[in-house]
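Please examine the sequence and the three-dimensional model shown here. The explanation that accompanies them is set out in running paragraphs.

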Amino acid sequence: MERNELAILSKKYLAGKASDEEKDRLLRWYNAYDEKALTAYLAGPETEAGLEQRMRHRLMAATAPQARVVPVRRNSWKAAAAVLILVTAGAGFYVWQPGKKQVLAEKAVTITPGSDKATLTLADGTVVNLDSAGTGVLTVQGNSKVEKTTHGQIVYKNSNAGAPAVSYNVLRTPRGGQYKITLPDGTDVWLNANSSISYPTAFAGEERRVDISGEAYFEVAKDVERPFSVKVNNNMEVMVLGTHFNINAYPDESTINTTLLEGVVLVKTTGAMRHLNPGQQARATPAGDGIVKVGRVDVNNAIAWKNGYFSFEDADIPTVMRQLSRWYNIEVKYSDRIPEETFTGEIGRSLTQEQLLKVLSQAKINFKVEEGRRIIIYP
């Protein structure tokens, strides 16, 4: 396919005017691409600066949330109509840049994306596997009924008979799992992979308090008489009245990040206290002894995981691979020095093993897959 023709088809797709036949032609071109020829395409005078952003926005809008795929890409890439590649019609789209061949040796390993998986530890120590639990009432604790909905969500329903008996439950997600819960006060909480939340079966006092580890997104039910607070890793606290916010507190991350989408929160550590307004993020030290930085961010990046995709902005390879390793439950090792490239872009959280490895390959990350769900990254 000539460069001009490819550019025309790409632009038609971005405008939403490409026919199924034209999409198939783009797919066939991709499957039969020649790296030297593609390099020549990108070097042509028709390369259109700024197409990168329009391409990204169009792909994001055209792809279903559960299959949203725009891969990580090198910051140094050249925007060009020739790099639009349709990989799976209606399921995934990739943006590609030529470069060195990657090291790829696939073994008999099955890498699958995460799913709704969690365990619920009741006040008496009983552990309920929510993956296999049926829908309906799971248990009754005091005046609280614990129900699993047909959508796989945990909901607490309190009766109005007398003072509520308060006990504590813990919801935990494994690596490769996520879960949503509605707390007794109506607050919705989404837990990311390898996370936990401890909470009472009824909020009976003058405040509503929960404890989390890992990452969680909150949509807090408004109650002006009882503020809501989140204790993070036993050394930091986020206090609100009613708001939407995300907390990333994984122990292998360099900071604890609190990102506010709606309302007002107060982030409190042993060494500082700061109010956040919508669109701001506070980064605190893992030890909870101070707040490193407060600034405006793209909040969509912070809650991308909750909406079904990963979002990276100037992220280094360890940052990218930490997120992938939690969701796909894989082990990541580095053979020597860590590559210095950074990446910006989005990839879906529903990718199959084949699609995931293709994304890594097209991003020109040199890697090898070994048995035991291990990925080795090379310089």
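The structure is a predicted model. Its largest pocket has a volume of about 830 Å³. The lining of this pocket comprises 32 residues, of which Asn257, Arg283, Ser311, Thr319 and Gln323 are the closest to the centre. Several secondary-structure elements each supply at least two lining residues: the strands β17 (244–249), β18 (256–262), β21 (280–284) and β23 (309–316), together with the helices α5 (299–302) and α6 (317–328). Among the contributors, β23 gives the most, with seven residues. By class, the lining of the largest pocket holds ten nonpolar, twelve polar and ten charged residues.

The second largest pocket has a volume of about 390 Å³. It is lined by 18 residues, and those closest to its centre are Asp116, Gln178, Lys180, Trp190 and Lys306. At least two lining residues come from each of the strands β4 (115–116), β11 (177–182) and β12 (188–191). The strand that gives the most to this lining is β11, with three residues. The lining of the second largest pocket divides into five nonpolar, nine polar and four charged residues.

How far apart are the end C-alpha atoms of α6? They are 16 Å apart, which agrees with the 16 Å that its twelve residues should span at 1.5 Å a residue. Nine of these twelve residues are buried, so α6 is largely enclosed by the rest of the structure. The buried residues are Ile317, Pro318, Val320, Met321, Leu324, Ser325, Arg326, Trp327 and Tyr328.

The backbone just after α6 also deserves attention: asparagine 329 takes a positive phi of about 55 degrees there. Asparagine 194 likewise has a positive phi, of about 55 degrees, although it is not a glycine. This residue lies in the loop between β12 and β13 (196–200); β12 is also one of the strands that supply the lining of the second largest pocket. Is asparagine 194 buried, partly exposed or exposed? Its relative accessibility is 38%, so asparagine 194 counts as partly exposed, that class lying between the limits of 20% and 50%.

Lysine 364 is another residue that is not a glycine and has a positive phi, here of about 65 degrees. Its place is the loop between α7 (353–362) and β26 (367–370). With a relative accessible area of 8%, lysine 364 is buried, because buried means under 20%.

Methods
Residues are numbered from 1 along each chain as its sequence is written. This is a predicted model: local features need pLDDT of at least 70, side-chain atom pairs count only at pLDDT 80 or more; totals for chains, interfaces and linings use all residues. Side-chain values use heavy atoms; hydrogens and water are left out. On a 1 Å grid over the protein atoms alone, a cavity is a set of points where a 1.4 Å probe fits but cannot get out, and a pocket is an open set with protein on both sides within 12 Å along at least five of seven lines; lining residues have an atom within 4 Å of a point. Grid points are joined across faces, edges and corners, and a volume is the space filled by probe spheres set on the points. Helices (H or I, at least four residues) and strands (E, at least two) are DSSP runs, numbered from the N terminus. Ala, Val, Leu, Ile, Met, Phe, Trp, Tyr, Cys and Pro count as nonpolar, Asp, Glu, Lys and Arg as charged, and the others, Gly among them, as polar. The expected span of a helix is 1.5 Å times one less than its number of residues. Buried means under 20% relative accessible area, exposed over 50%, partly exposed in between (1.4 Å probe, protein chains only).
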